[in-house]
Amino acid sequence: MADTATTDERVKEMSRLRLSLMRPELGGMVGTVAVFVFFLLFAYDSGMFAAQGIMNWSIVSAQFMIIAVGACLLMIAGEFDLSVGSMIGFAGMMIAVFGIVLDLPMWIAILITFVICVSLGALNGFIVIRTGLPSFIVTLAFLFILRGFTIYIPQTVENKTIIGGIRDAAEGDWLAPVFGGKIFTGFFQWLGDIGVVGVFERGSREGQPVVDGLPMLIVWALLLVAFGHILLTRTRFGNWVFAAGGDAEAARNSGVPVNRVKVLMFMFTAFCATVFATCQVMEFGSAGADRGLLKEFEAIIAVVIGGALLTGGYGSVIGAALGALIFGVVQQGLFFAGVESSLFRVFLGIILLGAVVLNTYIRRMITGER
Amino acid sequence: MNARSEHAPIVEMRNIEKHFGPVIALAGVSVDVYPGECHCLLGDNGAGKSTFIKTMSGVHKPTKGEILFEGKPMNFATPRDAMDAGIATVHQHLAMIPLMSVSRNFFMGNEPVKKIAGIPFFDRDLADRTTMEEMRKMGINLRGPDQAVGTLSGGERQTVAISRAVHFGAKVLILDEPTSALGVRQTSNVLATIDKVRKQGVAVVFITHNVRHALAVGDRFTVLNRGQTLGTAQRGQITPDELQDMMAGGQELAQLDDALGGTV
């Protein structure tokens with residue numbers, strides 16, 4: 001016993017640099033730097049890095065971040081949710097149905113929608129836990145079920161697949177601006193006045209800054225990322241999330257309430273999807289049956305770029321947020337750079353592959369597997 | 001004998017029966033365990049060892065029979081109840097998660113909490129410090145508390161699991177075949193850990209089908225065969241050959257050539 005207490009001659013000393021590189025976010029960090037360098041070189045003059053351009057890709061990235069946080073925590077807990085995209089469409093439609101068709105006050109419509117969607121998330125989780133089926137299959141079923149209802153309901157009650165008029169209905173509501181409003185408008189006006197941010201030269205908004213505030217969408221994204229990161233790394237619940245995804249049986253043996261953790265993560269994913277939907281509905285002023293298509297995969301890709309392991313038990317919310325940032329910057333950046341937009345997918349595929357290869361290597365270093 | 005005369009048993013299992021549908025896994029097994037002893041539970045595959053310890057640790061409810069813990073009848077509904085009472089199990093399939101750090105594993109399910117502005121946070125500093133200290137006591141030299149369990153050897157993982165159980169106040173420690181997948185040197189490390197733990201007054205239930213491992217640390221030996229006890233023997237009252245024969249259920253083991261050492 002005593003001789004094992006001395007330094008094991010077969011464990012190599014690791015350099016500080018190598019140790020500092022051993023974190024799940026590394027792939028996301030490298031990718032972020034690479035993407036920014038690329039666009040600074042090729043699209044600097046396009047306005048991508050002017051106030052309006054920054055706001056443009058920030059909003060897109062923030063959208064990805066909101067759903068990536070949920071997908072990230074759920075994936076670390078060892079499960080998938082493929083119904084995120086359908087949930088976005090469904091949640092938006094629910095807000096329209098309650099707020100416009102049934103003419104309820106907007107805040108009631110939003111709250112009811114949150115209750116319904118988070119309950120559906122719980123149902124997803126409950127079925128997965130009870131049946132022991134892979135969440136991949138269960139949520140795939142919900143992908144179709146929810147999308148079907150999202151098309152069926154507006155067609156039946158309104159005879160169309162888009163319900164508009166939400167912006168007017170939300171006028172004066174206290175809860176709607178929490179999702180669709182902007183903050184720091186005075187600060188941005190001041191930035192416009194001192195010339196940091198461009199102002200409109202003419203027209204009805206003459207003198208107003210081109211970026212007139214920080215959209216609540218971005219605030220939600222940052223809050224959710226901060227919440228997710230602290231929850232995961234700084235609380236006992238976070239330890240349970242890792243444990244539930246790392247080895248559910250071992251976690252149960254140690255007294256971790258694995259089922260509760262998983263169901264709560266399904267509910268949180270649904271909550272994130274609903275936040276996304278509510279922000280989108282408030283921004284567009286309408287709910288459409290095709291909203292949120294393919295979002296589940298984009299969320300999962302962002303999470304995987306961010307260093308999470310598809311099989312659970314390992315990952316980082318900060319990494320997922322960086323993955324979402326890469327996603328948003330590339331999608332909008334190619335537009336600014338004047339590149340044919342279909343190449344976005346090519347670029348994305350390459351980044352995904354590169355990030356995953358890098359992440360696999362990092363993980364091997366951390367866990368010592370070969 | 002010494003522990004026996006001074007103390008009452010900490011766990012008494014009386015005539016435990018467990019049926020799974022038509023299968024009788026345990027047909028009236030009685031075992032008692034005293035503080036500070038290492039009670040070895042031997043048996044071949046399928047003898048009911050695992051079912052028996054799962055009954056003791058609250059995973060299964062006995063179909064018939066009584067469990068007394070510290071003299072009082074106990075009815076554990078969940079493993080958590082048994083754990084709270086002080087019965088900890090280190091499973092054959094380790095309760096360790098390779099991707100997580102040693103300190104996160106050590107405190108899994110028992111995370112220390114520090115309140116900041118009323119919000120309970122995971123006290124990682126305390127967790128890291130405690131982990132390093134406990135590991136040093138057990139003779140494991142970690143690179144750091146954030147080293148992943150996946151980088152430890154099988155014996156080291158067992159030792160982490162055992163010291164974790166003891167740290168969290170286990171009075172009875174059930175070890176489910178802790179040495180079955182280990183090399184010689186790692187096995188001796190785990191057996192040394194068992195000895196350290198026993199000397200702290202913890203009752204150890206050591207499940208194994210390796211007679212030599214059992215005889216190395218055991219104070220008493222109970223052999224299970226086809227769901228029944230074949231009696232409990234004291235250290236020094238039984239030879240390895242007798243134990244081996246009991247495990248085989250009185251049947252002759254396949255006679256091996258002298259060149260192979262006679263017995264299995």
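The lining of the second largest pocket holds 18 nonpolar, 12 polar and eight charged residues. This is a predicted model, in which local features need pLDDT of at least 70, side-chain atom pairs count only at pLDDT 80 or more, and totals for chains, interfaces and linings use all residues. Residues are numbered from 1 along each chain as its sequence is written, chains are lettered from A in the order in which they are written, and side-chain values use heavy atoms, without hydrogens or water.

Now turn to helix 12 of chain A, residues 236-246. The buried residues include A:Phe237, A:Trp240 and A:Phe242. Their packing partners come from both chains, among them helix 11 (216-234) of chain A and strand 8 (119-122) of chain B. A:Thr235 caps the N-terminal end of helix 12, with a side-chain oxygen 3.4 Å from the backbone nitrogen of A:Phe237.

A:Thr32 sits in helix 3 (residues 26-42) of chain A. A:Thr32 is buried, at a relative accessible area of 11%. Beyond its neighbours within four places in sequence, A:Thr32 is in contact (heavy atoms within 4.5 Å) with A:Leu322, A:Leu325 and A:Ile326.

How values were computed. Helices (H or I, at least four residues) and strands (E, at least two) are DSSP runs, numbered from the N terminus. Buried means under 20% relative accessible area, exposed over 50%, partly exposed in between (1.4 Å probe, protein chains only). A polar contact is a pair of N or O atoms within 3.5 Å; within protein, one must be able to donate a hydrogen and the other to accept it, and residues adjacent in sequence count only if both atoms are side-chain atoms. Ala, Val, Leu, Ile, Met, Phe, Trp, Tyr, Cys and Pro count as nonpolar, Asp, Glu, Lys and Arg as charged, and the others, Gly among them, as polar.
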